[in-house]
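Open your viewer and get ready to click along. We will go from stop to stop, selecting a few residues each time.

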Amino acid sequence: MSEIYTDEQIRKLLNKINEKGDVEVSPQFHKRVQDTLNSLPQRRSNRKRLAKVSALVASFLMISAIAIGSLNPTFATDIPVIGSVFKHLNNIQNSIYDDYAVGVGESQTSKGITVTVNDVAFDGKRVIVGYIIKFEKPFTFKDIPDGWEDKIFAWDELKLTIGRNRLKAYANTIYGQYTDSNTFMGVGKYDLIAPNPEDRTEDVTIPQQPIDAILKISMISDNRKSGLDSEIKGKWNFKFQLTKDNAIADVKVVEPKISVKTEFGEIKFNKVRISPFSTDIEYEAPQDPILGGYEYNDDRSYLSPGIWVVTDDTGKELKWEAEYGLGLKAPKNKEDIIPRVVKFTFANPGSKYINISSKLKSDKSPRFEVKIPLE
Amino acid sequence: MDLIKVVKTAQNGDKKAFIQLIQYFEKDMYKVAKSLLQNEADRCDAVQEAILKAYEGVWQLRQPEYFKTWLMKILANNCYLIHRKNSRTTVVSELQAIESSGNGYAEVEMKQVLDCLDEDLKTLVVMYYLHDLPVKNISETLAIPEGTIKSKLSKARAQLSEALKPEQGGLCYE
């Protein structure tokens, strides 16, 4: 039997081979890179899409504090009684989270930053965490550059164990607002998307007993600073529990099995999950610029759910929030059909259907339109 | 350069920041393209397409620290697409190149080594061995569980050991 090299041996051999060739970039290659960079267009619709998502949490009004009881008396004394973060960050979406919020009130301090997991809400697929982040050193709003007032970046990882399924999720960005010269209050959204179909929470029975959640944060951005200085690396680790509450009871899942034909292939709408927090559409389609795909050109862009117009039966438009590829294989060809899930904002409770249409800017009529019954 | 900050700035729509990132990784991109494509014109096409796709999609990247992994994956995908499009002619030219190299181990190129691998392993090998990217990053970027990545790397290790062994007939290098 042949000897199996170690990682180090292989790395060394491959690097030797690699270095032997032209490690200097060829002039032809360099020129093409430069030409491409010089011809980059201004941002197109995708940027607007992001802006829309950011706008969900960008404008808030402070309202008076309403105290709620913490379910974790051990840590309740660690924080001031201020009530639900979702209530403070008053917009429609956060109001919904507030209806299902459970107080946690656990605080951890590291490197002069105190992070409090104030409350959580859970609909079986998405964990919403209400954060209060207190900086030791006060600052003024002038210290925060434009465009950075409504967000704090974090390296975070939420781990849940549901039965035999271990799920991980990341928020990375906590959207909210500065509430005083030391404090940022915001919301992190953790989508429990497992690429392996067997690990998907729709297929997992959420137990009656509380689910243990472990949240680890290893970096918080201090937006007053720039460069590496802005990354405050520390240890803010939390343990809390998620319970099977009303939010999960209010989830409705339908399997419409509806498909529409497009010039690039069929789009199959397999599952729609209506929850108080979001509208999840699980579907299969030829590639578009989704996470992991990046087969992009203008002709195909109407396949991208970011430009779909999704409305409920009251005509309310559901806004794109996030999308994920499902399945263990990364797409290789644009013809590859990859299952994926896209999350939009919540539909009105009791909606009988949602309508999805998509067209390019230059189109007069939609490239496709489909009505998906929810009953 | 504080990469994460620059990536975040690029994600906020700053074109200059994006250009800075591409320039920073130009050499890495060249190495990937060179390892996967034989023809220089194809490498140029692949990188051009990759830059445009990355520019379109950078805002979607959930974890800025994975920018390099993500960029290399886009580029590798483009290289495969071009490789497939040219597959018939490439096979002929590859054969000629290998035949003409005789015993010349010095002529062995990364592409030949990678061609010994199953297709689904090539990107992993480039990311893991040539760019020293951690399994966790690769797992997140490719949306493949860490366990699967490790198992595929184990398979790749066996295939590479065979391809790199210093015996006659292998794509040897020493």
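How many bridges join strand β4 (residues 151-162) of chain A to β6(A)? Select both strands: they run antiparallel, and three bridges join them. Before going on, note that this is a predicted model, in which local features need pLDDT of at least 70 and side-chain atom pairs count only at pLDDT 80 or more, while totals for chains, interfaces and linings use all residues. Residues are numbered from 1 along each chain as its sequence is written, chains are lettered from A and ligands numbered from 1 in the order in which they are written, and side-chain values use heavy atoms, with hydrogens and water left out.

**Stop 1: strand β6 of chain A**

Helices (H or I, at least four residues) and strands (E, at least two) are DSSP runs, numbered from the N terminus. Two strands pair if DSSP finds at least two bridges between them. Click Phe153(A), and you will find its bridge partner in β6(A), Thr173(A). Follow the chain from β6(A) to β7(A) through a hairpin of four residues.

Is β6(A) largely enclosed or open? Six of the six residues of this strand (residues 173-178) are buried, so the rest of the structure largely encloses it. Buried means under 20% relative accessible area, exposed over 50%, and partly exposed in between (1.4 Å probe, protein chains only).

**Stop 2: helix α2 of chain A**

Select residues 27-38 of chain A, the twelve residues of helix α2. Phe29(A), Val33(A), Thr36(A) and Leu37(A) are buried here.

**Stop 3: salt bridges**

A salt bridge is a side-chain nitrogen of Lys or Arg within 4 Å of a carboxyl oxygen of Asp or Glu. The structure holds 20 of them over all chains. Pick Glu321(A) and Arg126(A), whose side chains meet at 2.7 Å, N to O. Glu321(A) lies in strand β16 (residues 320-325) and Arg126(A) in strand β3 (residues 126-135) of chain A, so the pair ties together parts that are 195 residues apart in sequence. Both residues are buried.

Definitions and conventions:
The expected span of a helix is 1.5 Å times one less than its number of residues.
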